[in-house]
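Okay, thanks everyone, I'll keep this short.

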Amino acid sequence: MAAKGDWLVGELERRGVTRREFAAFCSTVAGILMLPRSAGAELAQAMATGRKPTLVWLEFQDCAGNTESFLRAARPSAADILLDTLSVDYHETIMAAAGHQAEAVLQDTVSGQSGQYLVVVEGSIPTGANGAYCTIGGRSALDIVREVCGSAQATIAVGTCAAFGGIPAAAPNPTGALSVADAVPGIRNLINLPACPANAANLAALVVYFVTYGRWPPLDGLRRPLFAYGKTIHDNCERRAHYDAGQYVELWGDEGHRKGYCLYKVGCKGPVCFQNCPEVGWNEGTNWPVGCGHPCLGCAEPDFWDKMTPFYAHLDGFPGFNRQTHIDKVGAWGTLGVAAAFGAHALIQIARRRGTGDAQDDSAETGETS
Amino acid sequence: MTHIVVDPVTRIEGHLRIEAEVENGSVQNAWSSATMFRGIELILRGRDPRDAWAFAQRICGVCTTVHAIASIRAVEDAIGAEPPPNARLLRQIIMATQMIQDHVVHFYHLHALDWVDIVSALSADPAATARLAQSISDWPLSSAVYFRGVQERVQTFVDRGQLGPFGNAYWGHPSYRLPPEANLLAVAHYLEALDWQREVVKIHAILGGKNPHLQNFLVGGMASPVDPNEQASINVGSIAQMKSLAADALEFVTKVYMPDLMAIASFYTDWAAIGGGVGNYMSYGEYPEGEAPNAPMFLPSGIIRNRDLANVLPLDPGLITESVTHSWYEDRDGAPLHPFQGETNPSYTGPAPPYDRLDTEGKYSWLKSPRYDGAPMEVGPLARMLVAYGRGHPRVQELVGSVLSQLGVGPEVLFSTLGRVAARGIETQLLAERLDGWIDELAENMGRGDLRIADNSKWDPSSWPREATGAGMHEAPRGSLGHWVHIRDGSIANYQCIVPSTWNAGPRDGQGQPGPYEAALLGTPVADLEQPIEILRTVHSFDPCIACGVHVLDGRGNLRAKVKVL
């Protein structure tokens with residue numbers, strides 16, 4: 001049996017990853033987390049030692065998009081090492097066990113490791129029809145989430161459905177779908193990792209942060225980690241210079257579209273959406289939605305299915321930016337006042353963050369991992 | 001007679017429950033129940049039809065392109081938008097990439113553990129594994145050193161005492177038949193395929209910004225600009241990247257997936273006589289090879305009744321009906337209705353959770369029971385390959401013939417659990433071979449100076465008729481998918497989907513005819529009632545995607561507008 005602490009380094013070497021490459025990987029993660037480069041060494045040390053924390057992944061009213069995103073998690077060669085950093089004991093989409101054997105795993109975790117395991121919740125929780133809109137093993141989602149999250153050390157609500165209700169909660173919310181925060185009020189150490197789906201890079205970084213420090217990163221007022229949701233899409237958009245120069249895409253495939261002009265007039269919600277897509281990119285930095293030529297949908301914000309739609313109607317100018325551009329109306333709907341609402345929302349978020357800085361629970365300090 | 005329950009059925013998308021009666025070691029009766037519902041069609045009502053694809057896309061994050069494709073096709077059909085050639089080719093590349101990635105992930109990560117015993121791999125001889133690997137393929141990762149490394153990695157994992165997702169499974173079950181060397185080979189490729197699937201979907205990221213839920217869909221075309229000479233467009237660099245990724249995908253499918261499939265299948269040929277099911281197959285056809293409405297499809301459409309491959313019938317969508325006799329809906333007179341002619345009144349009459357048993361004599365699923373001309377239909381890779389085979393698709397006939405001759409069996413074995421597994425592999429091979437050609441066609445078309453990506457003439461809703469209906473059909477990885485939209489005054493009056501997993505996983509109809517899952521499970525052997533791995537084998541062979549199947553319900557029970565079937 002491998003000595004404790006050696007297993008990771010041993011595995012890395014077997015997989016052709018040198019210590020130096022691993023250190024570089026940890027520096028990359030530290031970069032996503034906006035930590036000083038020196039934090040990389042600390043991350044590497046923490047990841048190579050200790051028992052793997054247990055994680056259970058619950059799926060309720062979901063599309064498995066966050067699970068799929070999680071499966072895309074990758075930084076050079078160390079990607080599945082990062083997965084091995086955790087013991088993912090329950091995850092319906094990938095686990096080998098089924099039926100009552102699967103449910104037994106979950107029960108063993110809840111009763112045997114009470115207060116010590118992590119939970120990821122994907123999907124919203126329906127409250128209509130007395131819970132019959134989502135049952136697993138004959139139990140309602142609400143019943144399961146209360147029990148499992150109630151005994152957890154921490155809960156990560158991954159994706160906009162778990163974080164804010166998402167698409168099942170969009171008007172008219174036929175099933176009474178709720179976010180984790182609303183379904184289980186008061187659970188400790190809840191982290192929201194919204195977006196549709198959440199970016200694998202951010203989930204990986206969040207997990208590494210926790211494994212390293214035994215606590216959670218600072219959060220904004222919506223319980224989102226600042227390292228991934230601290231700035232708007234617009235702040236760091238590669239097309240920002242075109243916005244500032246008043247160069248816009250007018251029609252699909254026109255010269256401006258081909259040249260990468262700003263997508264503001266065709267509905268981009270980047271100015272009112274907090275997420276790090278432009279810096280981190282998707283699929284190992286291959287691209288991102290605005291990069292491919294489509295407007296941002298604002299998918300990391302609460303109620304975006306209602307408040308950011310129609311998706312192709314443009315915002316009508318918003319406070320907080322140094323340039324107010326009058327945009328002529330596009331399409332039959334014109335603007336819907338979402339801009340004002342979201343401009344205000346953005347300022348509130350900024351103010352909240354300035355005021356509180358760190359919204360994490362004090363109980364996070366108990367988050368020892370060994 | 002023993003009643004057993006498998007809930008949750010894991011390694012699928014969504015929430016599925018199987019109840020079965022087992023007597024004398026085989027399944028005598030089975031019931032398939034979907035246990036989650038969201039009501040996305042209801043959420044779509046009143047919204048901008050140009051937004052619908054993004055909502056519909058969230059029906060499923062596994063087959064993350066298929067509902068977006070069906071949605072934009074339905075809206076385009078309604079408003080008369082005509083996507084230009086570049087848009088068609090961008091869609092071909094996206095659809096084929098989805099199918100290839102989805103099928104490989106299904107084989108290794110969702111289905112393989114029903115056939116492959118990971119624990120047994122620990123006792124394999126790495127040198128013998130290398131000999132086995134080299135005897136079936138020239139894939140370079142095949143040395144004894146390599147397999148020893150994989151084995152040690154798994155051993156380390158096991159020694160740590162935290163089995164994670166592999167805990168509490170059916171390891172050691174007598175129906176696992178692979179020798180340790182084959183198990184080790186499969187475990188190595190399970191891990192390789194995890195890396196591979198991340199790579200191949202970069203084609204989606206190049207075109208659509210990200211995967212899952214790529215974001216370049218657009219009513220009337222696609223939102224990815226093309227221009228060989230522009231940095232911010234799909235340009236020659238993007239073409240080169242995609243061609244390279246497509247070549248890697250073809251190599252993996254040819255040298256890893258297909259040889260593994262054949263090697264594993266050779267130990268389980270008895271499963272070619274198990275899991276046949278309803279014997280009726282349907283395909284809408286896919287991959288139009290031109291812009292004309294009647295352009296030939298790379299994969300043809302058709303209907304097969306009672307396993308009659310010699311007589312593939314033309315498809316008539318007007319013959320589709322749905323029954324709710326055993327679904328949690330009010331059932332006015334028990335007659336099956338055309339899906340767009342009735343009202344849908346959800347009425348949960350099942351047991352209050354927590355429950356142990358469903359009322360399988362009454363209503364027991366959130367899925368309806370779609371029927372074609374009154375008959376249940378299986379859809380998916382097997383249906384598509386059978387229709388193509390019956391219609392004389394030369395490459396499909398060649399690939400099917402090659403698989404059958406390697407296994408030493410005749411075409412009758414295709415109607416089975418193993419047939420589904422084989423058909424999925426054949427289809428993956430077929431599309432991986434074709435993908436590069438579509439990328440070339442895109443490069444050639446934009447090289448000729450055609451930079452159009454969308455029909456902008458129909459973008460503004462003022463160009464639309466006041467009232468319009470449209471249908472969008474698509475062959476998704478799991479089978480025939482249809483979206484129907486009714487637009488009034490520029491917004492969605494009604495939206496309907498009939499989805500592959502509704503066809504396959506639906507409950508009994510008013511005539512008592514079981515759905516394809518239920519029919520396929522009849523006669524399935526179950527050696528150990530506590531470990532019904534055989535049930536998983538047959539259900540997984542369909543690649544269940546239950547969230548897809550269950551969004552179709554109207555959670556409010558409101559009267560729905562009629563939609564004309566096109």
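One cut-off before we start: I call a residue buried when its relative accessible area is under 20%. And keep in mind that this is a predicted model.

By that cut-off Glu301(A) is buried, because its relative accessible area is 0%. So what does Glu301(A) pair with? The partner is Arg224(A), in a salt bridge whose closest N and O atoms are 3.1 Å apart. Arg224(A) also sits at 0% relative accessibility, so that one counts as buried too.

What I like here is where the two come from. Arg224(A) is in the loop between helix H10 (200–213) and helix H11 (226–229) of chain A, while Glu301(A) is in the loop between helix H15 (289–292) and helix H16 (304–307). They're 77 residues apart, so the pair links distant parts of the chain.

Over in chain B, we have another buried pair: Arg17(B) and Glu19(B) are both buried, and their salt bridge has its closest N and O atoms 2.9 Å apart.

Arg395(B) and Glu398(B) form a salt bridge at 3.0 Å, N to O. They're three residues apart in helix H11 (residues 394–407) of chain B, which means about one helical turn separates them. Arg395(B) is partly exposed at 26% relative accessibility, and Glu398(B) is partly exposed at 48%.

Last one, a network: salt bridges link Glu284(A) with Asp195(B), Arg198(B), Glu199(B) and Lys202(B).

And how many salt bridges are there over all chains? The search of the whole structure finds 46. Okay, that's me done.

Technical notes:
Residues numbered from 1 in each chain as written. Chains lettered and ligands numbered in written order. Predicted model: local features only at pLDDT ≥ 70, side-chain atom pairs only at ≥ 80, totals over all residues. Heavy atoms only, no water. Salt bridge = Lys/Arg side-chain N within 4 Å of Asp/Glu carboxyl O. Helix = DSSP H or I, 4+ residues; strand = E, 2+ residues; numbered from the N terminus. Buried < 20%, exposed > 50% of the residue type's maximum accessible area, 1.4 Å probe, protein only.
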